[in-house]
Amino acid sequence: MAYLLVIGTRKGLFTARSEDRREWEVTGPHRLDEANDAGMSPVYTVGINPHTKRLLAGTESWHFGPSVWHSDDLGSTWSEPGAPPIAFPEDTGASLTRAWQFAFGADPDTVFAGVEPHALFRSSDGGTSFELVRALWDHPHRTEWFPGAGGAAIHTVLPGTLGSGRRSPEAVTVAMSTGGVYQTEDDGASWVPANRGISAGFLPDEEPEYGQCVHKVAAAPDGSFYAQNHHGVYRSADPAADGWSRIEEGLPTDFGFAMVAHPHRPESALNFPVVSQEVHFPPGNRLSAYRTDDGGKSWRAVNQGLPEEAYFGIVLRDAACTDGAQVPGFYFGTRSGDVYAATDDGESWHQVAAHLPDVLCVRAAEV
């Protein structure tokens, strides 16, 4: 079995291939086309379709603007549609800043894109073209969603689950900065906020119905959720019914961006703390991942194989993932351009790549 790691950076797209998840062949930056400035465009999101293995890359050309490219040969060649793949209808008065997230539905051709400004798009042709999910755009709360420090982005899209094991191809959970968590169970025809228990210390009402700056939500295999908020780490079995509970006790800070759920064990997840909203360094200037195996009741540092010297690069919200294998590999990249993998079920790390540009996003899969 081969494994593929797709890495989006501030200066281009890189890939890494491995047969054993220990030795990696890193290539890039990939040149998407002859006008791509030798592959130097920033790549804010990548996706690997689990059904077809088509790769998607959300790029931003300094000259031509944002677009979505796809590859059907694991990154060897890339194509861009003739028409803009993601475009707002004229009556919205909006224009695409960039794509922030790709997610895949149960149907092989269904792809969701979370974008900036706050919107969700859906593709029925594998990511070649997308249509606006109008009911979320027209939601009465949308005018009160505002940009976080990273932009007005829907950065989490989780198709198929609502919590408490409730699964349906018509269900989608999204999260955004700022606005919080919203869910649909009727294929996007209506949306409800699901933020009870998540704090918003920057607002007069610290626990509003919506308006939270949720940084990332990860779905566990039993349908429950983990969330990293602007401040606070949370878990919920069913956000709409039960709300969220804080679980950051045992972590060095309650601030961060990335969160990864174990693909097979609901009680296990990885978190990547950051000092604070003002200080974007790892706590103690030590690069570490933190792991819970009891649903957030306790956390422990998992840093075997990571640098022991002072380190200043952090892990962004989309720069950590799992490959979902039977013995899962976990991966993350940093703003210092280093990429690490843990392929012994997340207990020790080894370096995949070093000295890349600022890592923005990482995705991995068996191929």
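Keep in mind that the model is predicted.

Salt bridges first. The structure has 20 of them, and I will go through a few.

Take Asp323 and Arg21, whose side chains form a salt bridge at 3.0 Å, N to O. These residues lie 302 apart in the chain: Asp323 sits in the loop between β23 and β24, and Arg21 in the loop between β2 and β3. Both Asp323 and Arg21 are buried.

Next, Asp72 and Arg54, with 2.8 Å between the closest N and O atoms. Here the separation is 18 residues, with Asp72 in the loop between β6 and β7 and Arg54 in the loop between β4 and β5. Are the two partners buried or exposed? Asp72 counts as exposed because its relative accessible area is 57%, and the cut-off for exposed is over 50%. Arg54 is at 14% and therefore counts as buried, that class being under 20%.

Arg363 belongs to strand β27, residues 359–366, while Asp318 is in the loop between β22 and β23, 45 residues away. Arg363 and Asp318 are both buried. There is also a network, in which salt bridges with shared partners connect Arg265, Arg291, Asp293, Arg300, Asp345 and Glu347.

Now the surface. Val275, Val279, Phe281 and Phe312 make up a nonpolar patch there, with about 310 Å² of accessible area together. One of them, Val279, is in the loop between β20 and β21. Val279 has a relative accessible area of 34%, so it is classed as partly exposed.

Methods: Residues are numbered from 1 along each chain as its sequence is written. This is a predicted model: local features need pLDDT of at least 70, side-chain atom pairs count only at pLDDT 80 or more; totals for chains, interfaces and linings use all residues. Side-chain values use heavy atoms; hydrogens and water are left out. Patches are made of residues with over 30% relative accessible area and no salt bridge: like charges are joined within 9 Å, nonpolar side chains (Val, Leu, Ile, Met, Phe, Trp, Tyr) within 5 Å. Accessible areas come from the Shrake-Rupley method with a 1.4 Å probe; for residues, only the protein chains shown count as cover. A salt bridge is a side-chain nitrogen of Lys or Arg within 4 Å of a carboxyl oxygen of Asp or Glu. Helices (H or I, at least four residues) and strands (E, at least two) are DSSP runs, numbered from the N terminus. Buried means under 20% relative accessible area, exposed over 50%, partly exposed in between (1.4 Å probe, protein chains only).
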